[in-house]
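Please look at the chain below and its fold before reading on.

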Amino acid sequence: MQFNPLRFLLLSIPFLLSFSSLGQGQINLLNGKQIKADSIKSQGDKFVYFNPNKLNEKSVKRDNIFSINYPDGKEDFIFVPDTASGDINLDQMKFFIKGEQDARKYYHAPTATIEGIVIGAGSGYFAYYGIIVPALNAVGAGLHTPNIMKQHVSDTALARNQFYAYGYQSIARKRKVNNSLISGGISLTVSLFTLGFFNKQIDQFFYKMHPDVIDQVYFNINRFFYKLHHH
């Protein structure tokens with residue numbers, strides 16, 4: 001059978017990718033974020049890692065890390081709970097962070113975004129005093145806790161775990177506040193510029209119109225109604 005270099009390359013890609021995925025590590029942060037990383041190493045109060053996407057070396061503080069999955073498959077738990085002072089234990093924290101991770105993946109808060117756009121647009125009527133309205137709306141959005149049983153999760157059994165629910169809801173509330181603030185701020189800015197533009201155009205229109213022209217317009221209107229009445 002004749003050697004085909006193209007066929008050999010295509011068959012080798014999945015094999016090479018499998019080794020590539022095994023050779024990549026991951027840093028799991030306490031806020032639920034996950035950082036893909038290579039060559040992770042401890043350096044004082046932080047961990048230094050190589051970012052394969054940005055092709056540069058970065059660092060993250062030790063206090064922000066829950067655990068590290070090294071390229072060799074080993075997981076090292078950096079978080080050390082102080083249960084004497086009320087910290088939750090390691091297993092409970094695992095569920096909490098899993099809830100955060102799922103919320104970051106599945107919860108998008110579109111209602112908060114739409115409300116922010118509508119309220120921000122309406123706030124433009126109050127000029128610069130309207131800035132406080134989107135902010136108050138964002139605070140109100142954060143006060144409402146989403147029902148975990150009605151949300152999209154990776155495993156419905158997890159939703160019954162209170163620590164998973166706490167983690168999911170904490171990120172969901174933050175996302176609602178952020179979406180409301182950002183969409184409300186952008187909408188308010190657009191509204192202010194739009195209203196300011198039209199007000200300026202109207203002012204310029206009447207400013208450019210000579211008083212004699214305005215008097216002539218009123219004269220013609222009165223003349224029209226006078227003729228209409230006498231006919």
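This is a predicted model: local features need pLDDT of at least 70, side-chain atom pairs count only at pLDDT 80 or more; totals for chains, interfaces and linings use all residues.

Residues are numbered from 1 along each chain as its sequence is written, and side-chain values use heavy atoms, with hydrogens and water left out.

Q: What percentage of the residues in the chain is buried?
A: A residue is buried when its relative accessible area is under 20%, exposed when it is over 50%, and partly exposed in between, using a 1.4 Å probe and protein chains only. Applied to the 231 residues in the chain, this gives a buried share of 28%.

Q: In which sense do β1 and β2 pair?
A: Two strands pair if DSSP finds at least two bridges between them, and β1 (residues 25-29) and β2 (residues 34-43) have 4 bridges. Within this pair, glutamine 26 stands opposite lysine 36 in β2. The sense of the pairing is antiparallel.

Q: Which residue takes a positive phi in the hairpin of β3 and β4?
A: Strand β3 and strand β4 (residues 56-61) pair in the antiparallel sense over 6 bridges, and valine 48 stands opposite serine 59 in β4. The hairpin has 4 residues between the strands, and the positive phi, near 55°, belongs to leucine 55.

Q: Why does alanine 159 count as buried?
A: Alanine 159 is found in the loop between α4 (132-143) and α5 (162-208). Not counting residues up to four places away in sequence, alanine 159 touches (heavy atoms within 4.5 Å) Ile148, Met149, Tyr164 and Ala165. Alanine 159 counts as buried because its relative accessibility is 8%.

Q: What is the volume of the largest pocket?
A: On a 1 Å grid over the protein atoms alone, a cavity is a set of points where a 1.4 Å probe fits but cannot get out, and a pocket is an open set with protein on both sides within 12 Å along at least five of seven lines; lining residues have an atom within 4 Å of a point. Grid points are joined across faces, edges and corners, and a volume is the space filled by probe spheres set on the points. For the largest pocket, the volume is about 160 Å³.

Q: Which helix supplies the largest share of the lining of the largest pocket?
A: The lining includes Tyr107, Ala109, His144 and Lys176. With Ala, Val, Leu, Ile, Met, Phe, Trp, Tyr, Cys and Pro counted as nonpolar, Asp, Glu, Lys and Arg as charged, and the others, Gly among them, as polar, the lining divides into 6 nonpolar, 3 polar and 2 charged residues. The largest share, 4 residues, comes from helix α3 (residues 110-123).

Q: Is alanine 109 buried or exposed?
A: Alanine 109 sits in the loop between α2 (90-106) and α3, and has a positive phi of about 50° although it is not a glycine. Since its relative accessible area is 5%, alanine 109 is buried.

Q: What is the relative accessibility of serine 180?
A: Serine 180 is found in helix α5. Leaving aside its neighbours within four places in sequence, serine 180 is in contact with Ala112, Gly116, Pro134, Asn137, Ala138 and Ala141. Serine 180 counts as buried, because its relative accessibility is 0%.

Definitions and conventions:
Helices (H or I, at least four residues) and strands (E, at least two) are DSSP runs, numbered from the N terminus.
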